[in-house]
Amino acid sequence: MSPNSQNANPLNWMNRMVSEPYYLLHFLAFFSYIPVRCSAAQVLSPPRSAHLLHREIQALLTFCVLAAVKGGKKESWEAFIADTLFFAKIFLAAMSLVLDYHLALWYALAFAVIYIIAQQPAYGGLGTTNQLTPLQLEALLTEGNTSKFWMVEFRSLSTSTCIRSSSFFPNSQLRFSNKNLSFGTIDLGLFPNAAEKFESPLGSLHQLPTYMLFHDGAAISRLPEMDFQAKIFDSPVSKTSLRHFELDKLLSII
């Protein structure tokens with residue numbers, strides 16, 4: 001990923017941690033271990049306290065190694081945060097189980113509640129694309145400048161895959177958008193019937209995101225690719241996925 005300065009700014013992330021329920025609730029859950037641990041240290045026997053400290057050091061070192069490995073391979077900040085929070089929850093539950101299984105059950109319940117009531121925010125940096133409805137896109141393709149290219153992302157922010165990849169499309173817009181090439185997004189969580197309308201058959205929301213390039217009112221390319229029997233060839237989404245459309249070559253001819 002090539003993060004812009006706004007997305008990688010620590011102050012920006014601190015602001016999001018306070019303002020976004022997803023980050024705030026996770027922070028409070030992790031922070032709650034500190035007073036619990038301090039209280040437990042007063043009642044634990046010296047051998048058990050030493051054993052717990054040893055396990056905590058092991059867990060912390062393992063977590064740091066995993067976070068460093070994921071950080072080196074990260075496709076986006078959203079994916080990196082999702083993975084590190086997942087690892088942190090596993091290690092916190094494990095340490096709680098060493099301390100007391102009731103505490104481990106409490107954390108399991110707390111994380112289950114967070115999963116139900118809060119969702120990880122999507123990318124909120126520069127390059128936000130036009131949020132379109134199916135009717136708006138249809139009008140743009142048929143009534144507008146039909147010689148214009150439209151790059152459209154079909155997604156649903158209720159799925160983790162779309163959240164993890166939510167920075168790829170805006171970053172491509174910043175690089176390639178011009179008067180003859182525009183970018184738009186349709187949320188299939190809000191408009192589920194739009195998939196069939198634009199010849200993008202969908203078995204489930206977990207097959208998203210789908211990218212389509214339109215010209216002269218018709219789709220000329222799509223990702224994931226689809227054969228003549230409308231069978232979708234599933235492929236993992238990455239920051240290099242949009243190279244499939246060769247937008248850099250497209251810029252040289254428009």
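# Close-up views

**View A. E246 lies in the loop between β5 and α12.** The model shown is predicted, so local features need pLDDT of at least 70 and side-chain atom pairs count only at pLDDT 80 or more, while totals for chains, interfaces and linings use all residues. Residues are numbered from 1 along each chain as its sequence is written, and side-chain values use heavy atoms, with hydrogens and water left out. Helices (H or I, at least four residues) and strands (E, at least two) are DSSP runs numbered from the N terminus. Phi of E246 is near 50°, a positive value in a residue other than glycine. Most residues other than glycine have a negative phi. With a relative accessibility of 40%, E246 counts as partly exposed, a class that lies between buried (under 20% relative accessible area) and exposed (over 50%), using a 1.4 Å probe and protein chains only.

**View B. T240 occupies the loop between β5 (218–223) and α12 (247–251).** T240 is partly exposed, with a relative accessible area of 34%. In sequence, T240 and E75 are 165 residues apart, yet their C-alpha atoms are 9.2 Å apart in space.

**View C. F30 is placed in helix α3.** F30 is partly exposed at 24% relative accessibility. Contact means heavy atoms within 4.5 Å. Leaving aside neighbours within four places in sequence, F30 is in contact with L85, A88, K89, L92 and F111. For L92, the C-alpha to C-alpha distance from F30 is 7.6 Å, across 62 residues of sequence.

**View D. The largest nonpolar core has 18 residues.** Such a core is a set of buried Ala, Val, Leu, Ile, Met, Phe, Trp, Tyr and Cys residues joined through side-chain atoms within 4.5 Å. Y33, L99, Y107 and F111 touch the most other members. Two or more residues each come from α3 (21–31), α4 (33–41), α5 (46–73), α6 (77–99) and α7 (101–117). Of these elements, α6 gives the most, with five residues. Beyond its neighbours within four places in sequence, Y33 is in contact with L52, E56, L92, M95, S96 and Y107. A second, separate core of 14 residues includes L141, L188, A195 and L208.

**View E. The second largest pocket holds about 570 Å³ of space.** On a 1 Å grid over the protein atoms alone, a pocket is an open set of points where a 1.4 Å probe fits, with protein on both sides within 12 Å along at least five of seven lines; lining residues have an atom within 4 Å of a point. Of the 21 lining residues, Y22, K89, Y115, Q120 and S160 are the closest to the centre of the pocket. The elements α3, α6, α7 and α9 (160–164) each give two or more residues to the lining. The lining divides into twelve nonpolar, seven polar and two charged residues.

**View F. Residues 80–99 and 105–126 carry the UniProt annotation "transmembrane region", from an unreviewed entry.** Over residues 80–99 the chain is 100% helix and 0% strand, with end C-alpha atoms 29 Å apart.

**View G. The protein chain as a whole comprises twelve helices and five strands.** Of its 254 residues, 40% are buried. Among contacts with a separation of 6 or more, 70% join residues 24 or more positions apart.

Definitions and conventions:
Grid points are joined across faces, edges and corners, and a volume is the space filled by probe spheres set on the points. Ala, Val, Leu, Ile, Met, Phe, Trp, Tyr, Cys and Pro count as nonpolar, Asp, Glu, Lys and Arg as charged, and the others, Gly among them, as polar. UniProt positions are given in the numbering used here, feature names are shortened, and annotations may be inferred rather than shown by experiment.
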